[in-house]
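Hi everyone, thanks for coming. Let me put the structure up, and then I'll walk you through a few places in it.

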Amino acid sequence: MNEDLINVIISPINNVCVIIVMAYVLSHRKYYWEIVEGKRNTKNEVLFTLTFGIFSLYGAIAGGIANVRVLGPMLAGLLGGPIIGVGAGLFSGGYRLYDLRYGAAEVTNSAVLITLLAGLAGGFVHRWKKGQLPGVCEAAVFAASFEIFHMILTLIMGQWSDGVIDIVKRFAIPMTVAHTVGAAIFIFVTRNVVSARKNQIEKDNAQRELQKSEERFATAFNLNPSPMSIRTIDDGRCIMINDSFLRTFEYTREEVIGETLRNLHILIDDYDEIVQVLREGKSIRNFETHAYTKSGKLQIGLLFCELIDIGGKPYTLSVYIDISERKKLEEARLERLNLVGYMSTGIAHEIRNPLTTIRGFIQFLRAKKDLIHYSEYFDLTIQELDQINSIMSELILLARSKSVDFTLINLNTLICGLLPLIKEDGMATNKEVDVDLGDIPDLLMDKKEMKQLILKLSKNGIESMEDNGILKISTYIDSGEVVLSVQDRGKGMDAEMLKKIGTPFFSTKDTGTGLGLAICYSIAERHRAVIAIESSSKGTTFLVKFKI
């Protein structure tokens, strides 16, 4: 086989192998990654220049029909910029001045010049790409184009002499192929290692974030003042509980782990219903249930359950909020309301009968001509008697046993009907009324009582604000309940005042009877609704929650 043909085959293969090894070795060097990722400093720039300069020098010394001395500065420029590219080219360029293996001085001069231009051209591409790695095809096209330019420059500088033309014919194809394939392989290896490195960095970062997240969750889980547990969906066994769970239900961790809440007699009454809802993939919020401690003490609480994923398996994260004390306060308040209601019903009826008689006689005396000069006193007496009668009417409303007429009514319809009256009340004291009515279902309610509740809450809100205040009335659905919200922008109430709100005859107003909110609580109780209060220095919100 012809020796030149052997060199054409062997020389590119040999150089490509060297390029692959070099690309792999460099991809594991810190200074190389710092340059590629734009984290430059003097040390890594010098090391980078030396590396590709030595590779270029290797190409020049090794020679051969497919030598790759131009590839070193070309890659240095593509990856590091023009200065590093030209710096790397000086190595083989300087050596090439003394290498006379290729004959004519014109060839030597063009070789020196082209080595420097390769680094410069690669650097310009680096600038054009704004420091980003070129694609494999881009690198191959650039290398092939530059080698064609190399051959043309050699012919021009050699003045198209026969000797120069013979050299170009001999070296053009092997060197173009070697540089094209070499550049493509080097960039291919670099891009793949870059991608793998980025993926690994992202994976490590994600792992660290996951670890931090797990630590934060564990801290929040263990330090949460409410009892919390993580249980399996299938059989409901506890796999994790916090310290508050142990304190609340009086168990040790060893007694709870691996057991169900039913086996521990913590949840008994509603256990099957809760499990069924969770197995259907639904969440549980504000579910009122009874729970028992190890010693048998009954607690009333709100249960919240969310489905979570741990290691690809579904689990239940449960939070239990003890409302036993709140329930006791509510029951005590309702007992006071009922007591006042029962007493007031009898007292009111007994007082209203003689009041009617007294008022009739006052009106009779006022009509006598010889007592006309006492008209002012008679009018004042009648006015006070009417005020007493009004208070008696409100006392009757406190009666728990008061008969109610439940019909399907929509809260929005009642609010819209009362809105002109509420707005007129607000305009009289320079207040605005804003309404935001959501899409809510009809409810079984007593129309008259519900109108009274809306009017009393609205009046309280308007009276609590100064001029230019805004009262907002809203309806919406939250956690399976229809909510009526009456929000004012008054001064708010402190904790002590909130404890007494709803107690008969307690009022924050100088002229108030203290029966308005007590009546609202009584109406809410008859409708199986709950009144919640949120108050701050920016105002107070009354939330009346009706079960659907």
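Over residues 171–189 the chain is 100% helix and 0% strand, with 26 Å between the end C-alpha atoms. Helices here are DSSP runs of H or I with at least four residues, strands are runs of E with at least two, and both are numbered from the N terminus. Before I go on: this is a predicted model, so local features need pLDDT of at least 70 and side-chain atom pairs count only at pLDDT 80 or more, while totals for chains, interfaces and linings use all residues. Residues are numbered from 1 along each chain as its sequence is written, and side-chain values use heavy atoms, leaving out hydrogens and water.

The span 171–189 is one of those that UniProt, in an unreviewed entry, lists as "transmembrane region"; the others are 6–26, 46–68, 74–98, 110–128 and 140–159. UniProt positions are given in the numbering used here, feature names are shortened, and annotations may be inferred rather than shown by experiment. Residues 140–159 are 90% helix and 0% strand, and their end C-alpha atoms lie 29 Å apart. The unreviewed entry also places a "coiled-coil region" at residues 196–223. That span is 100% helix and 0% strand, with its end C-alpha atoms 40 Å apart.

Now to H150, in helix α7, residues 136–157. Is H150 buried or exposed? H150 counts as buried because its relative accessibility is 4%; buried means under 20% relative accessible area, exposed over 50%, and partly exposed in between, with a 1.4 Å probe and protein chains only. Which residues does H150 touch, leaving aside its neighbours within four places in sequence? They are R69, V70, I114 and M175, where contact means heavy atoms within 4.5 Å. H150 and L117 are 33 residues apart in sequence, and their C-alpha atoms are 9.4 Å apart in space.

Next, helix α4, residues 71–80, which is mostly covered: 10 of its 10 residues are buried. Among them are L71, P73, M74 and L79. After α4 comes G81, with a positive phi near 110°.

For a view of the surface, look at helix α3, residues 42–62, where L50 is found. L50 counts as partly exposed because its relative accessibility is 36%.

Two backbone spots deserve a look. Most residues other than glycine have a negative phi. E250, not a glycine, has a positive phi of about 65°; E250 lies in the loop between α9 (243–249) and α10 (253–256). H265, also not a glycine, has a positive phi of about 60° and lies in the loop between α10 and α11 (271–279). E250 is partly exposed at 37% relative accessible area, whereas H265 counts as exposed at 52%.

Finally, the whole chain. It has 17 helices and 12 strands, and buried residues make up 43% of its 548 residues. Among contacts in the chain between residues at least 6 apart in sequence, 65% join residues at least 24 apart.
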